[in-house]
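Today I am looking up salt bridges. I want to see who pairs with whom, and where the partners sit.

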Amino acid sequence: PSVPRHTNRLINEKSPYLLQHAHNPVDWYPWGQEAFDKAKMENKLIFLSVGYSTCHWCHVMEEESFKSKEIGEIMNEHFVCIKVDREERPDVDKVYMTFVQATSGGGGWPMSVWLTPDLKPFAGGTYFPPEDGVHRVGFRTVLLRIAEQWKENKDALLESSQRILEALQRTSEIRVQGQESPPPPKEVMDTCFQQLSRSYDEDYGGFSKSPKFPTPVNLNFLFMYWALHRTTPEGARALQMALHTLKMMAHGGIHDHIGQGFHRYSTDQHWHVPHFEKMLYDQGQLAAMYSRAFQISGDEFFADVVRDILLYVSRDLSDQVGGFYSAEDADSYPTTTSREKREGAFCVWTAEELRALLPDPVEGATEGTTLGDIFMHHYGVEEAGNVDPRKDPHQELKGKNVLIARCSPELTAAQFGLEPARLSALLQECRQRLSSARAQRPRPHLDTKMLAAWNGLMISGFAQAGAALAEQGYVSRAAQAAAFLRTHLFDPDSGRLLRSCYRGKDNSVEQSAVPIQGFLEDYVFVIQALFDLYEASLEQGWLEWALHLQHMQDKLFWDPKGFAYFSTEAGDPSLLLRLKDDQDGAEPTPNSVTVTNLLRAACYSGHMDWVEKAGKILTAFSERLQKIPITLPEMARATAVFHHTVKQVVICGDPQGEDTKEMLHCIRSVFSPNKVLMVADGDSAGFLYRQLPFLSSLERKDGKATAYICSNFTCSLPVTSVQELRGMLSP
């Protein structure tokens with residue numbers, strides 16, 4: 001590679017996204033005091049650009065504008081330019097995205113915002129093309145106009161930015177407003193179900209026409225709704241909606257049939273042509289959803305998808321030391337000699353390539369049939385490519401095929417006169433061949449940043465899969481990742497989580513010069529992961545750490561006046577707003593998940609003030625939950641958990657005993673969303689016994705492993721029969 005002409009301050013950063021911009025002619029600064037001081041000293045506006053390393057349009061704007069010497073000169077002359085990785089600093093991203101959404105009606109990345117020297121926003125948008133077009137003002141023009149305004153109308157701009165900030169503070173506040181109790185759960189659950197049902201796509205599953213996102217929060221809600229309404233038509237519909245969506249996604253092109261795992265979202269209604277990046281948070285949540293689908297249905301199809309996701313993460317997103325990487329990019333070089341990256345290049349195929357790779361005649365099939373014929377028929381491959389040109393505006397996928405399972409295995413087998421088992425083996429052989437061929441292509445960029453929150457979601461995925469599928473290897477992988485977090489993303493001196501760490505040279509793990517402290521989402525998703533990991537492994541150390549982190553979360557983020565948790569801690573003067581997220585998106589909002597965390601924490605500790613806190617969160621979000629619960633399906637689900645009282649399922653027995661293992665297997669194989677599991681093994685000095693003195697009064701019956709179902713620390717009669725226990729676990 002040639003020696004770069006330019007190098008800016010981002011060369012000293014650890015974030016892969018910031019390092020991608022370290023050789024732009026723009027004099028980029030990271031978010032921090034040096035940039036703020038320069039803006040004030042030189043009385044310059046700040047241009048803030050926020051994105052992430054696997055963001056397609058971020059790459060486009062860099063190629064078109066940030067690599068342009070001419071545009072770089074305009075930026076350097078008139079602005080102090082700051083680059084932020086939104087995954088490292090979700091706090092900064094959220095403040096200014098709130099502004100962009102409020103003023104433009106939309107949002108997304110790259111986010112481009114202009115700030116006064118005291119960090120108040122007054123203009124913003126997302127992607128800008130470099131030059132003026134028919135329908136859009138170009139980036140160069142916007143830069144020059146804003147610079148001119150600052151020169152000519154500085155006072156008016158400052159006044160406007162102050163008014164904007166005050167309006168944002170008013171509109172973004174979430175607090176208890178007169179109401180003193182949580183909203184009625186039946187009404188919230190029914191309204192949310194009706195709103196989801198109306199937006200459901202009967203043919204292809206999912207909850208919009210296009211683009212179509214996996215939205216695990218919707219599926220989790222529907223599973224809960226089914227559990228509470230099993231014998232009603234509404235309950236049956238809720239389950240059908242969730243399972244059909246999961247099946248259609250697994251058949252679709254959003255699922256990588258050769259390399260495993262799921263892409264970010266589908267650009268069309270049919271789950272066919274995806275946006276090809278792969279995010280860790282999707283893999284973690286989808287592994288959990290497919291595990292629940294398997295628990296409920298017993299259908300091995302869902303268990304196979306779980307194994308597929310976890311294979312991908314173990315192979316491609318795992319650090320040798322135990323953490324999980326953040327993402328794989330959508331764009332890559334089509335060949336080793338290509339000069340330009342293309343979206344999806346790593347994953348798509350021409351019909352000609354497939355014929356060349358799969359020429360073998362198939363014995364026993366209709367005459368003349370090759371492996372290629374069978375594979376291309378099953379996965380919807382077409383000679384001219386199977387991508388609708390309307391879904392390919394840049395013609396990057398012209399003549400290419402995105403694999404999508406178009407037929408059931410039974411239909412494909414019948415088409416070629418094969419037994420289904422033989423077909424399955426042939427398709428498997430084809431996929432392995434294509435996987436080997438794909439391994440010769442240049443890989444997409446891998447973002448090797450490791451985030452506490454997303455690692456938490458992935459630990460939950462492995463732990464829940466390990467419990468539901470009875471796969472001890474998955475539980476061990478979850479424990480390895482939790483140990484990684486405790487070593488690299490936790491400060492034992494302060495007792496606090498850190499946000500991020502990075503893969504260094506020779507597979508070392510590196511930290512920023514000034515580590516970024518954990519945000520609310522880091523605490524919430526890690527605490528959830530530790531509860532899931534305890535239930536899968538029964539190692540009480542994870543429980544102890546979870547309860548410590550819950551106390552720390554309360555101390556750093558709780559709002560004692562308006563209730564619920566702030567996303568960020570107090571005391572950072574560079575953050576103009578302390579916000580509470582109010583929408584479940586690609587990830588659930590932390591306040592939604594923390595309701596269930598608090599109820600679980602209370603069950604494991606006896607601290608009933610955590611139950612009170614859970615109720616206060618629901619009260620703070622009451623208006624939204626009653627009017628538009630579809631925006632908060634995970635919190636709507638939590639209203640039911642809160643109302644129905646979490647069951648404490650206690651097994652008295654030796655964890656290594658066969659009778660105890662049989663009971664544990666029964667509990668883990670049943671979908672019972674409002675329970676916590678614990679094993680009282682007779683160690684009266686153990687952590688659980690110290691937290692919950694009532695456990696010492698429970699004992700084995702007739703020397704056998706014995707279960708007790710407890711509610712508010714009052715227990716049922718002892719149960720030694722697995723069949724009886726299974727019946728008692730239903731909500």
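I note at the start that this model is predicted. I searched the whole structure and got 48 salt bridges. I then picked a few to look at.

**Entry: Glu471 and Arg307**

I looked up Glu471 and found it in a salt bridge with Arg307, with the closest N and O atoms 3.7 Å apart. Glu471 lies in the loop between α17 and α18, and Arg307 lies in helix α12, so the pair ties together parts that are 164 residues apart in sequence.

**Entry: Arg433 and Asp360**

Next I checked Arg433. Its side chain meets that of Asp360 in a salt bridge, at 2.8 Å from N to O. Arg433 sits in helix α16 and Asp360 in the loop between α13 and α14, so this pair ties together parts that are 73 residues apart in sequence. Arg433 is partly exposed at 25%. Asp360 is partly exposed at 26%.

**Entry: Arg433 and Glu429**

I stayed with Arg433. Its side chain also meets that of Glu429 in a salt bridge, at 2.9 Å from N to O. How many residues apart are they in helix α16? I count 4, so about one helical turn separates them. Glu429 is partly exposed, with a relative accessible area of 34%.

**Entry: a network**

Last, I looked for linked bridges. I found Asp85, Glu87, Asp447 and Lys449 joined in a network of salt bridges.

How values were computed
Residues numbered from 1 in each chain as written. Predicted model: local features only at pLDDT ≥ 70, side-chain atom pairs only at ≥ 80, totals over all residues. Heavy atoms only, no water. Salt bridge = Lys/Arg side-chain N within 4 Å of Asp/Glu carboxyl O. Helix = DSSP H or I, 4+ residues; strand = E, 2+ residues; numbered from the N terminus. Buried < 20%, exposed > 50% of the residue type's maximum accessible area, 1.4 Å probe, protein only.
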